[in-house]
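Here is a short briefing on one protein chain. Keep the sequence and the coordinates open while reading.

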Amino acid sequence: MATDATAKPARAIPYRGKVGSVDASAKTFTLASKSGGSRVMKITEQTQIMKAGAAAPMADIVADEEVRGTEWKKGDGWHA
C-alpha cells in the first residue's frame with residue numbers, strides 16, 4: 001500500500017473525442033467515446049480552453065464538436 005510520500009504523482013493523460021453535451025452551470029462537458037459511453041469532464045480554474053490558437057471562454061465548447069487536450073484523474077473525477 002502506497003503512502004502519500006511514496007505515491008506516484010498525478011500526470012496528464014491526453015484525450016480526444018466529440019463533445020456530447022455541455023452543462024455551463026456545473027462547468028462540465030461530456031466526452032463521447034467510440035464505444036457509445038461517455039465521460040464527464042470538469043472545468044476548473046486551471047483549465048485552459050483554446051480555440052484557433054487563442055484563449056476562449058467555456059461558451060465555445062459546444063456539442064458535436066471535436067476536442068482534444070489533457071486531463072487529470074482526481075478524487076472527484078476527470079478534470080480537463
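Which residue in E3 is the bridge partner of threonine 30? The partner is valine 40. The model is predicted, and the chain averages a pLDDT of 82. The chain holds 7 strands and 0 helices.

**Confidence**

- Residues scoring at least 70 in pLDDT make up 80% of the chain.
- Mean pLDDT among the elements is highest in E5, at 93.
- Strand E7 (residues 77-79) has the lowest mean, 63.
- Where pLDDT is low, predicted coordinates should not be read in detail.

**Overall make-up**

- From the N terminus on, the order of elements is β-β-β-β-β-β-β.
- The chain has 80 residues, and 24% of them are buried.
- Its accessible surface comes to about 6000 Å². Carbon and sulfur atoms account for 53% of that surface.
- Take the contacts between residues at least 6 apart in sequence: 55% of these join residues at least 24 apart.

**Strand pairing around E2**

- E1 and E2 run antiparallel and are joined by 5 bridges.
- Within this pairing, valine 19 has leucine 31 of E2 as its bridge partner.
- The hairpin of E1 and E2 has 4 residues between the strands. Lysine 27 takes a positive phi there, near 55°.
- E2 and E3 also run antiparallel, again with 5 bridges.
- The hairpin of E2 and E3 has 5 residues between the strands. In that hairpin, glycine 36 takes a positive phi near 100°.
- E2 is mostly covered, with 4 of its 5 residues buried.

**Nonpolar core**

- The largest nonpolar core has 11 residues in all. Its members are Tyr15, Val19, Phe29, Leu31, Met41, Ile43, Ile49, Ala56, Met58, Ile61 and Val67.
- Strands E1 (13-23) and E2 are the elements that give two or more residues to this core.
- Valine 19 and leucine 31 both belong to the core, and the two are bridge partners.
- Methionine 58, a core member, has contacts beyond its neighbours within four places in sequence. They are Val22, Asp23, Ala24, Lys27, Thr28, Ile43 and Ile49.
- Among these contacts of methionine 58 are Ile43 and Ile49, both of which are core members.

**Threonine 28**

- Is threonine 28 buried or exposed? Threonine 28 is buried because its relative accessible area is 14%, under the 20% cut-off.
- Threonine 28 is found in strand E2, which spans residues 28-32.
- Beyond its neighbours within four places in sequence, threonine 28 is in contact with Val22, Asp23, Val40, Met41, Lys42 and Met58.
- One of these contacts, Met41, is part of the core.

**Salt bridges**

- How many salt bridges does the count give? The count comes to 2.
- Glutamate 71 pairs with arginine 39, and their closest N and O atoms are 3.1 Å apart.
- Glutamate 71 is buried, with a relative accessible area of 3%. Arginine 39 is partly exposed, at 28%.
- Lysine 51 and glutamate 65 form a salt bridge through their side chains, at 3.6 Å from N to O.
- Here too the pair links distant parts of the chain, 14 residues apart. Lysine 51 sits in strand E4 (residues 50-51), and glutamate 65 in the loop between E5 and E6.
- Lysine 51 is partly exposed, at 37% relative accessibility. Glutamate 65 is partly exposed as well, at 27%.

**Aspartate 60**

- Where does aspartate 60 lie? Aspartate 60 lies in the loop between strand E5 (54-55) and strand E6 (66-74).
- Aspartate 60 counts as partly exposed, because its relative accessibility is 30%, which falls between the 20% and 50% cut-offs.
- Its contacts beyond neighbours within four places in sequence are Lys51 and Glu65. Lysine 51 and glutamate 65 are themselves joined by a salt bridge.
- Aspartate 60 and methionine 50 are 10 residues apart in sequence. Their C-alpha atoms are 8.9 Å apart in space.

Terms used: Residues are numbered from 1 along each chain as its sequence is written. Side-chain values use heavy atoms; hydrogens and water are left out. Buried means under 20% relative accessible area, exposed over 50%, partly exposed in between (1.4 Å probe, protein chains only). Contact means heavy atoms within 4.5 Å. pLDDT is the predictor's confidence in each residue, from 0 to 100. Accessible areas come from the Shrake-Rupley method with a 1.4 Å probe; for residues, only the protein chains shown count as cover. A nonpolar core is a set of buried Ala, Val, Leu, Ile, Met, Phe, Trp, Tyr and Cys residues joined through side-chain atoms within 4.5 Å. A salt bridge is a side-chain nitrogen of Lys or Arg within 4 Å of a carboxyl oxygen of Asp or Glu. Two strands pair if DSSP finds at least two bridges between them.
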